[in-house]
Amino acid sequence: MFLVVLDSARHFSFLKLRPCFAVGKPHKTLLGERQKTQGRRMFGVVFPNRSFPMDISSFTQIDTFHWVLDMNTFVGESYHQIGDMCIFLLNNFTLPPDKALAVYVQSPGSPFVFCGAVTLQRPSAVLSLIWPEPGGQMQLTAPDSAAPSAKIGVSVEDLVALPSLDVAAEKKIERMALKVGENLFNFMQSFCGVDGSKLVVPMDILDRWFKKFQEKAKRDSDFLKGFAL
């Protein structure tokens with residue numbers, strides 16, 4: 001490759017340039033720097049009503065695929081008041097399609113508990129932080145060392161290995177289904193009859209229950225909220 005140079009006397013000259021890397025084969029150093037740059041810009045988080053957007057620099061990087069946010073530096077001992085966290089990928093080049101960015105929480109002395117994850121197909125999410133009871137695994141520390149603190153962990157993991165992308169949302173659905181079923185059972189008990197070893201209910205029991213359920217939901221705006229709590 002040559003560079004054409006025009007000097008002040010309007011004479012042309014040619015300088016031969018050396019290529020910095022072969023065509024079609026990225027330079028190892030350049031590729032490594034690119035990966036490091038992408039890692040520094042991989043994700044950000046926001047705690048609704050509690051923080052401005054925070055990037056990955058707010059976390060302590062444990063290794064290539066793990067980061068930890070010490071809640072003592074953020075809210076101190078009031079970590080349990082942080083019930084939600086929005087996590088988002090900053091671009092679509094930092095995470096392979098078969099990987100996920102998983103979120104965990106840890107109370108002082110407890111194990112980490114999985115909360116959910118984001119992926120390229122789901123690049124942002126508001127996750128409920130389900131803090132475990134503290135003290136489950138008390139750690140031995142030196143007398144002059146800091147006491148164990150609550151932490152939020154973020155790690156890159158295989159997508160297929162994760163049980164769910166939103167643990168809290170699934171638990172809410174499960175809890176709601178159980179409460180609706182309990183409401184139906186209690187209603188049916190009021191009309192049950194006994195025929196030997198069998199319980200007998202009217203044929204229209206489901207229609208009557210559903211009609212009453214709808215009427216109560218219309219009258220009381222807090223009725224359905226009780227099923228979601």
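Colleague: K151 lies in strand β11. What makes a stretch of chain a strand here?

Modeller: Strands are DSSP runs of E with at least two residues, helices are runs of H or I with at least four, and both are numbered from the N terminus. By that rule there are 4 helices and 13 strands in the protein. This is a predicted model, where local features need pLDDT of at least 70 and side-chain atom pairs count only at pLDDT 80 or more, while totals for chains, interfaces and linings use all residues. Residues are numbered from 1 along each chain as its sequence is written, and side-chain values use heavy atoms, leaving out hydrogens and water.

Colleague: Why is K151 called partly exposed?

Modeller: Its relative accessibility is 23%. Buried means under 20% relative accessible area and exposed over 50%, with partly exposed in between (1.4 Å probe, protein chains only), so 23% falls in the middle class.

Colleague: Which residues does K151 touch, beyond those up to four places away in sequence?

Modeller: Contact means heavy atoms within 4.5 Å. On that count K151 touches V68, L69, D70, M71, Y104, V105, Q106, F112 and W131. The C-alpha atoms of K151 and S107 are separated by 6.6 Å, although these residues are 44 apart along the chain. For the protein, 63% of the contacts with a separation of 6 or more are between residues 24 or more positions apart.

Colleague: Let's turn to the sheet. In what order do the strands of the open sheet come?

Modeller: The order is β4-β3-β7-β10, with antiparallel pairing. What makes β4 (54–55) and β10 (124–128) edge strands is that each pairs on one side only.

Colleague: What makes a group of residues a nonpolar core?

Modeller: Such a core is a set of buried Ala, Val, Leu, Ile, Met, Phe, Trp, Tyr and Cys residues joined through side-chain atoms within 4.5 Å. The largest one has 30 residues, and F43, I87, L101 and I152 have the most contacts inside it. Among the elements giving two or more residues to this core are β3, β7 (84–89) and β11 (151–158). A second, separate core of 7 residues includes A102, Y104, F114 and L162.

Colleague: Now helix α3. How does its reach compare with the span expected?

Modeller: The expected span is 1.5 Å times one less than the number of residues. α3 (residues 205–219) has 15 residues and reaches 21 Å from its first C-alpha to its last, close to the 21 Å expected.

In α3, I205, W209 and F213 are buried. They cover an arc of only 65° around the axis (taken from the directions from the helix axis to the C-beta atoms), which puts them on the same side of α3. On the other side, D207, K211, K218 and R219 are exposed.

Colleague: Why is the pair of W209 and F210 called tilted?

Modeller: Rings of Phe, Tyr and Trp (its six-membered ring) pair if their centres lie within 6.5 Å; planes under 30 degrees apart count as stacked, over 60 as edge-to-face and the rest as tilted. W209 and F210 are 6.3 Å centre to centre with 40° between the planes, so they pass the distance test and land in the tilted class. The rings of W209 and F213 also form a tilted pair, with centres 5.3 Å apart and planes at 45°. W209 and F213 are 4 residues apart in α3, which is about one helical turn.

Colleague: Why does W209 count as buried?

Modeller: Its relative accessibility is 11%, so W209 falls in the buried class. F210, with 42%, is partly exposed.

Definitions and conventions
Pairing = 2+ DSSP bridges.
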